[in-house]
Amino acid sequence: DGDPEEDDELPGDGALRDTAEDEASIAQELEEFSCELRPDFVLPSSALVAALMTPLRETSSPTPSSSRDPTPPPIPPSGTALYPQPLPAKSVRKIAVPMPMPSSPSSMEFFPEDVEPLYMPPLTLRMDTIRRLLGRLLSPELVQNQVVFDDIPRSLGAEWLCRGEPGRLETGLAEGRSPLSSGAVPALQFSSDFESGNLKRAIRVYDDEYDLVLNSDINSGTHHTQWFYFCIENTTPGVVFRFNIINMEKSTSLFNEGQMPLVFSEREFTSQGTGWVRGGEDITYLRNPYVARRLKRKGRLETRSYYTLHSSLRFQHALDRVYVAYSYPYTYSDLKRYLHTLSEGRPQLSEYFVRQDFCRSLGDNVCDLLTITSRSSAASIPVHQRKVVVVSARVHPGETVASWMAKGLVDFLVDPVDEHARALRENFVWKIVP
């Protein structure tokens, strides 16, 4: 996952910015997309077409669909408002401690049982997407460009700007509705104020279409926007809603190879016990006209294009709360809970397992180090003569898949009855940063 030139770099001074610099960086990121919010915003047709007409690789053949039943994301306690009180400026995007324990079952209690399905797009999807985007240029009077969610306070002075409370916007319009809205489809409500949530802004383009901007990974020396995790409420069944995440940064994506977003519906979970499922339609990943200009280390100026993940969802229930994620969430709380309960059912774990604090992350969270090796005197190879295997899970906060891989490795190595695991413990010293 990621560009080797970026991923191998150590965090520079920019990763330890103070609060003022962090807020200035956020404002600079938003400026790249602010033009889209202006009523008079028009992109040159040639630029848009050139940006979109990029080669796409053939999508892999789909595999049979299967049901999923992992854990639901955190559910706010009953009685809490959808949007919390505004965060003080000094705490914007600085989440150093895990959120409260979710009231729903932990994701550690579920695992996929079958091969996940792949999406096979229709042959005309790419051109249909381009035509839909060109419709914004041909009929700009129909484009609403209404900000319906923003997670950081912004300055006063324009009716579409946030008045200081994340998530709630004072638009100056009756009921917060765009003058171009037909009113037939109520506006969706967005939030991401939970652990691993990272939605920065939601813009209503039409009644049934939204452009989304993500927060980059926190404390990353270079900005990374690949992971996404947010919540949608006030859903209307039967309507196909289109979502365009417009600040993706990778030049290629598995979403062009059949990957689908993960979707969790609270109504489906409470009524049928259905957890996370792969879902969505019209999924494609294309370069867009936005360009990011960043001053990198050693004074080297880098210019990169942004990419858009296009997808659509058809909600099954009215007034549902639906979570959408890039992959199965694996939060810091999940990790701590897993390590705390690892000894359950393994009374002899202390004979070959040691957990210790390795360091602290830039967010001041404890980073664990797990040592797994047999300390029995009956082992054929003494501990000091064994080779050491070092395994590190995620590097950037959004790389949850690496955490799941590390969990599977730990589960296997500490198995008290598996002969292969026993042999690996007796012949190697395993150092794992989960």
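This is a predicted model: local features need pLDDT of at least 70, side-chain atom pairs count only at pLDDT 80 or more; totals for chains, interfaces and linings use all residues.
The description begins with an open sheet of 5 strands, arranged in the order β2-β5-β11-β7-β8 with antiparallel pairing. At its edges lie β2 (189–191) and β8 (277–278), each of which pairs on one side only. Strands of a sheet pair through backbone hydrogen bonds, either parallel or antiparallel. Strand β2 runs antiparallel to β5 (residues 229–233), and 3 bridges join the two. Within this pairing, Phe190 has Ile232 in β5 as its bridge partner.

Phe190 also belongs to the largest nonpolar core, which has 43 residues; Phe190, Leu212, Phe228, Phe230 and Phe243 have the most contacts inside it. Another core, of 15 residues, lies apart from it and includes Leu349, Leu370, Val410 and Val414. In soluble globular proteins, nonpolar side chains tend to be buried together. Phe190 is likewise a member of one aromatic cluster, formed with Tyr210, Phe228, Phe230, Phe243, Phe255 and Tyr326.

The structure holds 20 aromatic pairs. One of these is the tilted pair of Phe264 and Trp276, at 5.7 Å centre to centre and with 50° between the planes. Phe264 lies in strand β7 (residues 262–265) and Trp276 in the loop between α5 (266–272) and β8, so the pair ties together parts that are 12 residues apart in sequence. Phe264 is buried, with a relative accessible area of 0%, and Trp276 is buried at 1%.

Phe428 and Trp430 form an edge-to-face pair, with 6.2 Å centre to centre and 65° between the planes. Here Phe428 is partly exposed, at 28% relative accessible area, whereas Trp430 counts as buried at 11%. Finally, Arg425 lies over the face of Tyr352, at 4.0 Å from the ring centre.

Key:
Residues are numbered from 1 along each chain as its sequence is written. Side-chain values use heavy atoms; hydrogens and water are left out. Two strands pair if DSSP finds at least two bridges between them. Helices (H or I, at least four residues) and strands (E, at least two) are DSSP runs, numbered from the N terminus. A nonpolar core is a set of buried Ala, Val, Leu, Ile, Met, Phe, Trp, Tyr and Cys residues joined through side-chain atoms within 4.5 Å. Buried means under 20% relative accessible area, exposed over 50%, partly exposed in between (1.4 Å probe, protein chains only). Rings of Phe, Tyr and Trp (its six-membered ring) pair if their centres lie within 6.5 Å; planes under 30 degrees apart count as stacked, over 60 as edge-to-face and the rest as tilted. A charge sits over a ring if NZ of Lys or CZ of Arg is within 6 Å of the ring centre and within 35 degrees of the ring normal.
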